[in-house]
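Dear colleague,

I am handing over the structure we spoke about, and I would ask you to open it beside this message as you read. My notes on it come after the display.

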Amino acid sequence: MVAGLVLMVALVLTARSLWTPVLGATSPQSQSIENSESHGGKLEGTWRVQVTIRDCASGAALRTFPAFLTFAQGGTLTETTTGFPPALRTPGHGAWEHLGGQTYRAVSEAFLFNPTGAWTGRQRLTQIIEVSKDGEEMNSNATNEIFDTNENLIVNGCATAVGTYFE
């Protein structure tokens with residue numbers, strides 16, 4: 001049962017891409033203030049996103065589902081996904097930063113539970129996001145890590161996402 005839940009979590013939450021963080025990024029607060037002057041190219045706000053869980057080796061799509069991502073001024077992030085039933089995963093909370101140009105990095109975490117309601121661990125999503133110059137679309141690559149309650153990494157996965165700005 002735990003193995004099945006871990007596999008489901010891996011497939012569902014492997015959502016969001018493959019990247020390496022960029023060094024020398026400016027602070028999220030200064031960048032979000034800089035980008036709040038116009039909507040074009042900025043990340044702040046809410047996005048409707050289609051997440052595709054992918055096989056890390058081949059890149060093959062395994063499953064797709066919708067999610068909401070909300071990026072607040074000052075660098076905080078809240079996300080909600082349909083990739084897991086609400087009883088098995090909390091909404092994700094995290095932080096984002098501007099890496100330069102139209103590129104952002106976001107990290108969020110959520111708690112995971114089994115069907116009986118027992119806490120089983122946490123999921124960590126790390127995304128690199130590219131926002132279109134007009135600020136209406138975004139693309140993301142992500143890594144998905146699932147840790148047990150002892151902080152042991154038990155699943156590592158990959159995902160991509162495409163989104164539109166919610167107005």
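What follows is a short account of the barrel, the core and the disulfide.

Please keep in mind that this is a predicted model.

Eight strands close into it in the order 1-2-3-4-5-6-7-8, with antiparallel pairing, and from one strand to the next the twist averages 30 degrees. To look at one pairing in detail, you could follow strand 6 and strand 7 (residues 137–148), which run antiparallel to each other and are joined over eleven bridges; among the residues involved, Arg122 has Phe147 in strand 7 as its bridge partner.

Next comes the nonpolar core. The largest one has 19 residues, and those with the most contacts inside it are Leu43, Trp47, Val51, Phe71 and Ile129. At least two residues of this core come from each of strand 1 (45–54), strand 2 (61–72), strand 5 (103–113), strand 6 (119–131) and strand 8 (153–165).

Finally, the structure holds one disulfide, which is formed by Cys56 and Cys158, with their sulfur atoms 1.9 Å apart. This pair links distant parts of the chain, since Cys56 lies in the loop between strand 1 and strand 2 while Cys158 belongs to strand 8, 102 residues apart. The link is right-handed, with 115 degrees about the S-S bond.

Are the two cysteines buried or exposed? Cys56 counts as partly exposed because its relative accessibility is 39%, whereas Cys158, at 5% relative accessibility, counts as buried because that value is under the 20% cut-off.

With best wishes

How values were computed: Residues are numbered from 1 along each chain as its sequence is written. This is a predicted model: local features need pLDDT of at least 70, side-chain atom pairs count only at pLDDT 80 or more; totals for chains, interfaces and linings use all residues. Side-chain values use heavy atoms; hydrogens and water are left out. A nonpolar core is a set of buried Ala, Val, Leu, Ile, Met, Phe, Trp, Tyr and Cys residues joined through side-chain atoms within 4.5 Å. Buried means under 20% relative accessible area, exposed over 50%, partly exposed in between (1.4 Å probe, protein chains only). Helices (H or I, at least four residues) and strands (E, at least two) are DSSP runs, numbered from the N terminus. A disulfide is a pair of cysteine sulfur atoms within 2.5 Å. Two strands pair if DSSP finds at least two bridges between them. Axes are lines fitted to C-alpha atoms, for helices over the stretch in contact, and angles run from 0 to 180 degrees between N-to-C directions.
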